Amino acid sequence: MFDAHDQVESGAAKLRFAVLCDGLSLERWQAAALRLLIAEGRATLAAVLFFGDDAQAKRASAAGLPTLFQPSERAVDCTIDEMLAATTSAAPHVATSDDDLAALRLDFILYLGFGAADARSAAHARLGMWRFRFGAADKQEIYPPGVWEVVDGDPVTVASLCRLDAGSIVATVLRTGAFATITHVPNANADQMFREAALWPAYAVRLAAQGLAPVDAETIVWPDTAIARRPGAGLLLRLIWTMFWQKMWRLPNLFFDDSWNVAIVDAPIHSFLAGSADVSASWFPNQDAGTYLADPMGAVSGDDAVVLCESYDFKSEIGSIVKLGWDGNAWQPSVVPAIPSRFHSSYPYLFEADGRIYCVPESNQAEEIALFEATEGAAAFRRVRTLLTGVRYVDPTIFRHDGLWWLFCSDTMLGEHTHLLAFFAADLAAEWRPHPLNPLKIDVRSARPAGTPFVHEVRLYRPSQNCAKTYGGGVTICEITRLSATEFAEVPVAELQPLRSSVYRSGFHTLSRFGERTLIDGKRRIFTANGLKEKLSSVMRRFTAR
């Protein structure tokens, strides 16, 4: 973990680091990590070390796999000498002994390898040795990375950048990412993991230079060695078998589409902390078969109450914001336009401030987040201002905490299901500043917002989407334990599944407060002729474009 003593003041010398390698060549992801770290401008490469475990690195490689299954990120990118010539003006020192390391006054050592590197060299670096761990913290590392999650059917693939200090087997996590395991495309799972991991050393340096504590600052016991399963005929057969069945499992997607509906639960939102198994919901009356309703949001202010949601049209493939009929006790079969837009719109997040009802719909195709205010007793909405522009963010969620307004969202450019961002402002009309820890977390199980943050018994909770197995597969409620202009931490406290007693039991991705009631949605799979036509057309376009 970093603290105030680790901070590099503005104008002070950059952090000094050494890179530790297993050999003379760098794989594509390793080269990218080093380039990005140097380009960050906060650290200077002071030395190159060759104390790595080349034998273990060979066991960790995917060289035994057929070309089709070899991750492109594991291909050799360049030699160390070529990297240094292209990125540094002065040749770094090649350290060969402990005395050399001690004289360099290093801040950290970055190990870009897979072997059991000797952590004793971390004694010569103020911030220890930084190295990657591929695999969940509660499981043994198994090489080659990113392969065995596919073979073993694990829905989530995890990687971490950790800090090891000399003489300790306990590592501090500087950055971690959890991704949905890709099982139907050869090598794609490992590639997504390595591409993301390449960004993390630069991120960790940015935090260290500002004296900020990492979001993922948990500790794990570091194993002495990782298990290296030699890729062979058995592994190849298992990979082929897994991919075949995943292709077959996806085949019905050509004929079926997701169809959502919204419901109201006669219970407060905090009741879902106990789970969703016994929930009874009142679903909105069946609508036009060519559309579906999703992302229900509600707000109550005095005598005014409003329920908005997305209405998605299968034919145009465009969503729009509509107002649903609600008489205070039951649904009314009324669906009317609420916030017109020429772009796809969804997730019409509602909140109340100073006796007024506001809405911030998702409009990432318009590359903005805009604020609307309810008028005429919540019968209409008028545009107030643009909060953020030039962005492709989804599911914007606004709430007030400790004197600041907060906007949480996820980023389609980084990963709409995995990367959580936060912005804050003194008031709704002020400038929205990005949180210095962005992205706050990288986790397909609990990053993307899923509805209204709420306080219960003085604790702050945030609904999030669990997209590990499928988009909108469930909702994870997280307790936010730290949130300030420089801090963030949260822990999952409840895993909510779709209502199995309902026809909409294939998914669930919204949990929003509506006074003392709660709005939810649910997904089912339906056949749509238009969907089949569009998907076949898409396949043909990709085929002819080759």
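Which residues of helix 7 are buried? I looked these up first and list them below.

**Basis.** I worked from a predicted model, in which local features need pLDDT of at least 70, side-chain atom pairs count only at pLDDT 80 or more, and totals for chains, interfaces and linings use all residues. Numbering starts from 1 along each chain as its sequence is written, and side-chain values use heavy atoms, with hydrogens and water left out.

**Helix 7.** The buried residues are Trp 200, Pro 201, Ala 202, Tyr 203, Ala 204, Val 205, Leu 207, Ala 208 and Ala 209. I took buried as under 20% relative accessible area, with a 1.4 Å probe and protein chains only. Helices (H or I, at least four residues) and strands (E, at least two) are DSSP runs, numbered from the N terminus. Gly 211 follows helix 7 and has a positive phi, near 70°.

**Cavities.** I searched the whole structure and noted 2 cavities of 30 Å³ or more. On a 1 Å grid over the protein atoms alone, a cavity is a set of points where a 1.4 Å probe fits but cannot get out, a pocket is an open set with protein on both sides within 12 Å along at least five of seven lines, and lining residues have an atom within 4 Å of a point. A volume is the space filled by probe spheres set on the points.

The largest cavity holds about 110 Å³. It is lined by 16 residues, with Gly 146, Val 150, Pro 186, Asn 187 and Leu 239 closest to its centre. Helix 6 (188–197) and helix 8 (233–250) each give two or more residues to this lining, and helix 6 has the largest share, 3 residues. I counted 12 nonpolar, 4 polar and no charged residues there. Ala, Val, Leu, Ile, Met, Phe, Trp, Tyr, Cys and Pro count as nonpolar, Asp, Glu, Lys and Arg as charged, and the others, Gly among them, as polar.

The second largest cavity has about 40 Å³. Its lining includes Trp 283, Tyr 504 and Asp 521, and strand 33 (residues 517–527) gives the most, 3 residues.

**Second largest pocket.** I noted about 1000 Å³ of space here. Of its 45 lining residues, Val 158, Thr 176, Glu 218, Asp 443 and Arg 445 lie nearest the centre. Strand 31 supplies the largest share, 6 residues. The lining divides into 20 nonpolar, 11 polar and 14 charged residues.

Key:
Buried < 20%, exposed > 50% of the residue type's maximum accessible area, 1.4 Å probe, protein only.
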